[in-house]
Amino acid sequence: MFGLWKVRRARKAAVALIAPFVEESQSRFATQLTEHVWLEPYMVGFISMLISLVAERTTGRLDSQSAGLVQLEAWQDVTGFPSHLIGEEICLLSSGNDRRFSYGCLNASRFMEELTRPMHSHPDQLPPGFRIHGLNYDTSAATALWSELFDSYIGTFDGDPDPLP
């Protein structure tokens, strides 16, 4: 029972943190992102790793079954697409050492570093929106980095199987 509570808490934290960034990106592109884009290896790596990092920060280490459940449920909540294929896709890309997947994971780690970087202000003195699920972060810096790591990648994605720089 405790494990299910941790899964729920981790999923809610991941969705609460990631979904607003995704929604902002979708409004900038003035279109919904397609399943084809979400299943691109970079995006799978970026979003799945970010979900994992937020989950771990929120609840501590999860066993592999719980971590997988968090990824599946949060993936569906964030992307709006059914999650039934994403677990297998993550395993295949990871075990196949796909460089686009790895690059997405690396960039998710960079983004999380920005969110967890110590701020000089005391949390009680931060403007609204700077404290989300225990993270005190500069929203403008986080938004700029999200744009670099997510929006710019989506902006160059045109079906090219290898849009990495």
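This note goes through a predicted model of one chain, point by point.

1. Basis. The model is predicted; local features need pLDDT of at least 70, side-chain atom pairs count only at pLDDT 80 or more, and totals for chains, interfaces and linings use all residues. Residues are numbered from 1 along each chain as its sequence is written, and side-chain values use heavy atoms, with hydrogens and water left out.

2. Confidence. pLDDT is the predictor's confidence in each residue, from 0 to 100. The chain has a mean pLDDT of 81, and 80% of its residues reach 70 or more. Over residues 120–132 pLDDT stays under 50. For this stretch the model has 15 contacts beyond four places in sequence, a contact being heavy atoms within 4.5 Å. Where pLDDT is low, the predicted coordinates should not be read in detail.

3. Layout. The chain has seven helices and two strands, in the order α-α-α-α-α-α-β-β-α from the N terminus. Helices (H or I, at least four residues) and strands (E, at least two) are DSSP runs, numbered from the N terminus. Of the 165 residues, 42% count as buried. Buried means under 20% relative accessible area, exposed over 50%, and partly exposed in between (1.4 Å probe, protein chains only). Among contacts between residues at least 6 apart in sequence, 75% join residues at least 24 apart.

4. Core. A nonpolar core is a set of buried Ala, Val, Leu, Ile, Met, Phe, Trp, Tyr and Cys residues joined through side-chain atoms within 4.5 Å. The largest one here has 43 residues, and I18, F46, I47, L50, F111, W146 and F150 have the most contacts inside it. At least two residues of this core come from each of helix 1 (2–29), helix 2 (35–38), helix 3, helix 4 (64–79), helix 5 (86–95), helix 6 (99–116) and helix 7 (139–156). Helix 1 gives the most, ten residues. Leaving out residues up to four places away in sequence, L50 touches I18, A108, F111, M112 and W146.

5. S25. This residue lies in helix 1 and is buried, at 0% relative accessibility. Its side chain makes a polar contact with the side chain of D151 at 2.3 Å. A polar contact is a pair of N or O atoms within 3.5 Å; within protein, one must be able to donate a hydrogen and the other to accept it, and residues adjacent in sequence count only if both atoms are side-chain atoms. Apart from neighbours within four places in sequence, S25 is in contact with W146, F150 and D151.

6. Helix 3. With 19 residues, helix 3 reaches 27 Å from its first C-alpha to its last, close to the 27 Å expected at 1.5 Å a residue. The expected span is 1.5 Å times one less than the number of residues. Helix 3 is mostly covered, with 14 of its 19 residues buried. At its start, a side-chain oxygen of E40 comes to within 2.7 Å of the backbone nitrogen of Y42. Just after helix 3, G60 has a positive phi of about 85°.

7. Helix 4. The buried residues of helix 4 are S66, V70, Q71, A74, W75, V78 and T79. They cover an arc of only 165° around the axis, so they lie on the same side of helix 4; the arc is that of the directions from the helix axis to the C-beta atoms. At the start of helix 4, a side-chain oxygen of D63 reaches to within 3.0 Å of the backbone nitrogen of Q65. G80 follows helix 4 and has a positive phi near 80°.

8. N97 and helix 6. Most residues other than glycine have a negative phi. N97 is not a glycine, yet its phi is positive, about 50°. N97 sits in the loop between helix 5 and helix 6 and is exposed, with a relative accessible area of 64%. At the start of helix 6, a side-chain oxygen of D98 reaches to within 2.9 Å of the backbone nitrogen of R100. Buried residues of helix 6 include R100, N107 and E114.

9. T139. This residue is in helix 7 and is partly exposed, at 27% relative accessibility. T139 and L115 are 24 residues apart in sequence and 8.7 Å apart in space, C-alpha to C-alpha.
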